[in-house]
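Me: I have a model open and would like to learn how to read its features one at a time. Could you walk me through it?

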Amino acid sequence: MKTNRLGHWLAIFFGTLYFLLPLVATFEFSLRKLRGVYSFEAYRVVLADPQFQSSFVYSVVLAVITIVFGMAIIVPMAYFVELRLRKLRPFVEFVTLLPLVVPAIVIVFGYLRLYNSSSLLPLTNTSTGTSFLLTCGYVTLALPYMYRSVETGLRAIDVRTLTEAAESLGASAGTIIWRIILPNIRSAMLSGAFLTFAIVIGEFTFASLLNRPAFGPYLQLIGANRAYEPAALAVMAFMITWACMGLIQVISRNTVAARP
Amino acid sequence: MSFIEISHLRKSFGANTVVHDFDLSIDKGEFVSFLGPSGCGKTTILRMIAGFETASAGAIQIGGTEVTHLPPSRRKVGMVFQAYALFPNLTVAGNIGFGLKIAGKDKGEIDARVAEMLELIKLPDLGSRYPYQLSGGQQQRVALARALAVKPEVLLLDEPLSALDAKIRVSLREEIRALQRDLGITTVFVTHDQEEALSISDRIVVMNEGRADQIGTPSDIYNNPATRFVASFVGTLNLLEARVVDPAAGRLSIDGQPVMTTRDLSAFGIADETTVALRPEALTLGDGNGDRNTLSGTVEEVAFLGAVIRVRVRLSEARLSLDLFNDPALQLPRIGAPAAISFKREDLLVMDRR
Amino acid sequence: MAVSASPARPPRLRVPWAVVGVAPFMAFAVLFLILPTLFLVVGAFQDKAGSFTLANLGSLWTPTILASYWISIKISVASAVLGAAIGAFIAYAAVSGGLPHWIRPTVMTFSGVASQFAGVPLAFAFLATLGRQGLVTLFLTWIFGVNIYAHGFNLLSFWGLTITYLYFQIPLMVLIVTPAIEGLRKEWREAATILGASTWQYWRHIAGPVLMPSFLGATLLLFANAFGAIATAYALTGSSLNIVTILLYAQIRGDVLHDQNLGYAIAFGMIVITGLSNLCYILLRVRSERWLK
């Protein structure tokens with residue numbers, strides 16, 4: 001029994017070591033920009049870089065659009081599949097798992113061939129079109145996570161009874177989704193949203209191959225050309241991821257607490 | 001000579017003592033139930049007998065061997081758990097034969113024993129099924145067979161029926177009892193259901209807050225409860241305040257009405273307050289003859305419960321319920337009508353001051 | 001697969017709201033997920049003129065391309081197997097009791113963060129840790145006088161990339177396998193113990209087989225996860241490490257193979273490999289759910 005527990009402690013200890021060391025090392029590295037003294041110079045340089053600002057803003061805006069767009073197509077679909085079109089469920093399950101099977105680079109390759117300038121739908125001709133394509137790519141990427149969280153939320157409430165109760169009071173389908181369903185699955189949607197944000201904000205493959213000025217390619221560019229700034233960026237990226245996951249925890253804990 | 005001997009057993013988790021100085025002897029072939037509410041320590045004692053918990057103090061002997069510090073596998077006990085503790089990845093036959101396989105028996109011997117056990121639990125054709133394909137009752141029978149296949153000397157049953165539906169619960173408990181009699185195996189059964197304990201046990205240990213309040217046969221426990229806790233936990237009961245009038249003659253008064261008891265009142269003085277108890281089924285409507293006690297009051301409520309009709313009568317302050325067997329010819333008392341209740345002197349239980 | 005939702009029209013409503021609600025998603029899925037994938041799959045079997053050929057798949061059998069597949073598979077297998085084994089052990093240590101109660105939620109939260117901390121920033125973090133000027137590299141040189149780079153270690157290598165990938169593989173495993181480990185019932189162990197089984201026998205006959213489907217399934221998921229990854233490797237190594245995603249990336253960027261349809265074939269090969277591993281995953285899931293209701 002005692003030795004057993006020792007093994008557990010060792011597992012946790014080495015796990016912690018492996019996972020904290022790179023964080024400590026990265027932070028330490030990010031402070032080394034000025035010779036012989038620790039400073040936040042690397043952070044100052046990065047934050048003052050107009051390209052950092054523009055690419056970061058671009059990615060944040062794109063992440064928000066991705067979340068809104070993704071939820072706009074996923075929530076009604078998940079609601080009606082749960083309510084009336086259960087036959088479609090296997091197909092939906094298949095589609096939402098597909099992005100885990102088909103690597104992102106393959107999907108973007110398909111986009112480039114399908115929507116290039118000489119195709120029927122030449123989305124890549126304009127920068128707005130390409131940004132739209134990038135948004136679609138991100139929705140695809142986030143699809144498994146968004147769908148899973150929305151579906152979990154819908155299963156936790158009794159969709160059918162809620163809908164019938166609302167219909168008996170004369171509510172239309174739009175009203176039911178907007179006024180009844182959405183408020184009830186809000187926390188599930190927020191969890192999906194923050195996860196999506198964490199995935200999209202530093203995404204590299206799509207943005208790079210579609211040539212968009214997003215944060216991911218910017219990170220890569222800095223990585224190829226600077227020494228200490230990448231570490232500072234990695235620390236910031238980690239903090240963003242941590243914030244998103246922390247918010248998910250807070251949301252889910254509050255939801256549990258709110259239920260009797 | 002008893003087969004299981006538990007002496008001065010104590011179990012504490014930190015500052016919290018859940019079993020206090022517990023003693024019990026169990027004879028070979030005896031069926032003993034531990035009855036009590038959750039948290040009374042009954043499961044803890046069972047788990048100490050099994051070896052899953054170590055005693056903080058005291059000793060346990062099985063068949064003359066001190067087992068207090070032996071690992072579970074060396075105590076020759078079999079155990080059935082609350083519900084669905086079958087190994088999900090093994091078939092019914094695999095589950096039943098598991099202990100034999102671990103013991104290194106050869107395949108022919110295992111197969112023969114498994115077939116024998118399947119006959120015994122009356123599921124001869126289900127050997128190749130997986131647990132998820134069985135009903136709850138079937139699963140518990142397989143669990144019983146698994147525990148018995150290795151021929152243990154003691155069978156431990158930890159609320160094995162509590163997860164099953166009412167009907168299965170009754171039929172399975174009868175099967176367990178029949179099987180136990182046939183095999184003559186010493187059995188300890190833990191339950192919070194008094195009917196279950198009363199119906200299958202040779203002896204019952206009523207547990208309360210880590211102590212045995214009473215140890216006795218089912219009829220003993222039911223008819224002569226030693227403490228107020230035992231009386232109220234086992235069966236339904238009318239508890240009434242009474243005043244001792246003459247301890248030597250067994251005379252008391254309830255709400256000012258005189259009654260007699262055959263119980264010992266020597267611990268009380270004149271005019272002492274005490275609590276008396278009456279089982280609803282011991283009461284009858286109408287005046288009794290000279291040997292019986294009679295109380296008079298007013299009918300307050302009549303509830304039809306099927307086989308039984310429960311009538312609530314109010315004296316001046318106290319209320320008591322009595323049970324009448326349902327009889328279509330019976331004239332039901334009217335609410336508000338005066339009523340007399342009578343009962344035998346020995347049915348008036350006097351509770352101690354605990 | 002056509003989107004044929006119309007027969008399910010509910011008679012009560014005049015507007016087929018269900019169809020209206022589902023249609024945008026279906027259109028999206030077809031346009032931005034299914035068609036692009038199909039386009040590549042079909043393209044993999046076409047020559048430049050558009051007629052059927054197996055030549056593209058045949059030309060995958062060149063040393064460079066085979067080598068890139070091979071190193072991708074090696075890294076994915078190594079990071080998946082190690083990640084699964086270590087992750088399962090950490091998950092077991094965290095949930096099986098014996099440790100303080102705050103350990104479990106802490107491990108789970110941290111795993112949630114670390115499993116998403118991938119891509120370019122992860123490469124930076126490991127460069128700062130195990131790069132030539134990294135903290136651990138310098139520390140080892142300073143304390144033990146061992147320069148790991150002088151001993152053949154290189155972050156831009158098979159082992160370097162595997163160690164880096166483990167940073168998100170292990171936490172991902174912890175997240176996936178924890179529910180399965182928590183599904184192990186205390187009574188199974190007690191029943192096995194009282195029937196005479198040792199700890200090893202309990203794991204060998206009961207816990208191991210019960211966990212195996214989820215464990216293998218999770219391992220396959222980790223494999224696909226590593227196989228499709230590119231950002232970390234690209235940021236770490238540029239295009240110096242010849243893994244298949246980087247090869248495909250270069251092909252898309254500059255058509256380095258001078259043959260578009262060969263690019264399709266590479267993509268098709270990747271789909272086949274991840275698809276196979278996911279197929280196994282689904283089969284194993286079905287099996288494990290059969291046991292555990």
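Reply: Gladly! Let's begin with one residue, B:Leu348, which sits in the loop that links β19 (338-343) to β20 (349-350) in chain B. Keep in mind that this is a predicted model.

Me: Is B:Leu348 buried or exposed, and why?

Reply: The idea is to count neighbours: 20 or more other C-beta atoms within 10 Å make a residue buried. B:Leu348 has 22 such atoms within 10 Å, so it is buried.

Me: Which residues does B:Leu348 contact, leaving aside its neighbours within four places in sequence?

Reply: With those neighbours set aside, its contacts are B:Val259, B:Thr261, B:Arg263, B:Val276, B:Leu278, B:Asn293 and B:Phe343.

Me: How should I read burial for a whole helix, say α5 of chain A?

Reply: Apply the count residue by residue. In helix α5 (residues 104-114) of chain A, nine of the 11 residues are buried, so the helix is largely enclosed by the rest of the structure. The buried ones include A:Ile105, A:Val108, A:Phe109 and A:Leu114.

Me: Now for the chains: which pair has the most contacts?

Reply: Two pairs of chains touch, and chains A and C have the most contacts. Chains A and B are not joined by any contact, and their closest C-alpha atoms are 12 Å apart.

Me: How do I describe two helices that pack across chains?

Reply: Two packed helices are described by the angle between their axes and by the distance between those axes. Here, α3 (residues 50-83) of chain A and α1 (residues 17-44) of chain C have axes that come within 8 Å and cross at roughly 125°. The two helices are therefore oblique to each other, and α3(A) passes α1(C) in a left-handed crossing.

Me: Which residues meet there?

Reply: From α3(A), they include A:Ile73, A:Met77 and A:Phe80, and from α1(C), C:Val22, C:Phe25 and C:Phe28 are among them. By class, this contact has 12 nonpolar residues, one polar and no charged.

Me: Last one: where are the domains of chain C, and how far apart are their centres?

Reply: The domain assignment gives domain 1 (1-44) and domain 2 (62-291), with 35 Å between their C-alpha centres.

How values were computed. Residues numbered from 1 in each chain as written. Chains lettered and ligands numbered in written order. Predicted model: local features only at pLDDT ≥ 70, side-chain atom pairs only at ≥ 80, totals over all residues. Buried ≥ 20, exposed ≤ 12 C-beta atoms within 10 Å, placed from the backbone. Helix = DSSP H or I, 4+ residues; strand = E, 2+ residues; numbered from the N terminus. Contact = placed C-beta atoms within 7 Å. Domains from an automatic or database assignment. Axes fitted to C-alpha atoms, helices over the stretch in contact; angles between N-to-C directions. Parallel < 35°, antiparallel > 145°, perpendicular 65-115°, else oblique. Left-handed = near helix turned anticlockwise from the far one by under 90°. Nonpolar A, V, L, I, M, F, W, Y, C, P; charged D, E, K, R; others polar.
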